[in-house]
Amino acid sequence: MLEVRNVVKEFQAGEGRITPVNGVSFTLPQGTFGAILGRSGSGKSTLLSILGGLDKATSGDVVVDGVNISTLPEGRLTEYRRTGIGFVFQQYNLVPNLTARENVMLPMEFAGLAREARSSRAEQLLNEVELTPDLHDRKANRLSGGQQQRVSIARALANRPRLILADEPTGNLDEETGERIIDLLGSLCRREGTTILVVTHDQALAARTDVRLRLEKGVITREQPAG
Ligand SMILES: Nc1ncnc2c1ncn2[C@@H]1O[C@H](COP(=O)(O)OP(=O)(O)O)[C@@H](O)[C@H]1O
Ligand SMILES: [Mg+2]
């Protein structure tokens, strides 16, 4: 379960200040597939980073399965980032000179899995995101944007996190591949009870989620289910 309580994020911008997140509250029960919608610059990536413990809120609380991550000491926060959540970055953030497979193996190394097990799980995950086997051992900086995006999704799933946060996960995929990534995320929610929150402009993706939240002028409104 993800509980967001009155989260505010303020940035100093020259003389003034901007507040892209200005009192955001919502709750996602475990196993919910949620989407955050909103125009470019509306604070979606900023909010997602805070939920993932990658950035600190100016005020407010983020509570994941009863643990308030806003007040965790740095060591425990790192632990949470490594094992509790899978984060799909808008710009992928792969290690450029490691191969696709090595990138997916990395989080499992932090989790203490043996090398053989890491390698075979990485392979399985890369197949699930439909990266063809000939690309598994290619360096990340030699992969296209869409290929890197799929590696970054596989990496996020590596440690079977209870919460997946994904920033535009289908943004660089063709329609057909995007559709299958959406199927994969949807089935994780239903089969494994993973909570997934995606930032997206993709109507096909948004239409498949259980809950749609729109971020505008720093606040969230819940969209009514379509039709
Ligand atoms: N580290 C930062 N310092 C100052 N301003 C920032 C920083 N990060 C984001 N912003 C600003 O916050 C606003 C929201 O950005 P962002 O969360 O990236 O929006 P979105 O993901 O919805 O496009 C933008 O005006 C952006 O310029
Ligand atoms: Mg963004």
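Student: What makes strand S3 (residues 33-37) and strand S9 (residues 211-216) a pair?

Tutor: They run in the parallel sense and share four bridges. Two strands pair if DSSP finds at least two bridges between them. Four bridges meet that cut-off, so S3 and S9 count as paired. Val 211 in S9 is the bridge partner of Gly 34.

Student: What am I looking at, and how are things numbered?

Tutor: It is a predicted model, where local features need pLDDT of at least 70, side-chain atom pairs count only at pLDDT 80 or more, and totals for chains, interfaces and linings use all residues; side-chain values use heavy atoms, without hydrogens or water. Residues are numbered from 1 along each chain as its sequence is written, while chains are lettered from A and ligands numbered from 1 in the order written.

Student: Why is one space called a cavity and another a pocket?

Tutor: On a 1 Å grid over the protein atoms alone, a cavity is a set of points where a 1.4 Å probe fits but cannot get out. A pocket is an open set with protein on both sides within 12 Å along at least five of seven lines. Lining residues have an atom within 4 Å of a point. The largest cavity has a volume of about 40 Å³. Its lining includes Met 1, Asp 65 and Arg 162. The largest pocket has a volume of about 410 Å³. Its lining has 18 residues, with Arg 81, Arg 82, Phe 89, Pro 107 and Arg 155 nearest its centre.

Student: What makes a volume here?

Tutor: Grid points are joined across faces, edges and corners, and the volume is the space filled by probe spheres set on them. The second largest pocket holds about 200 Å³. H4 gives the most to its lining, with four residues.

Conventions: Helices (H or I, at least four residues) and strands (E, at least two) are DSSP runs, numbered from the N terminus.
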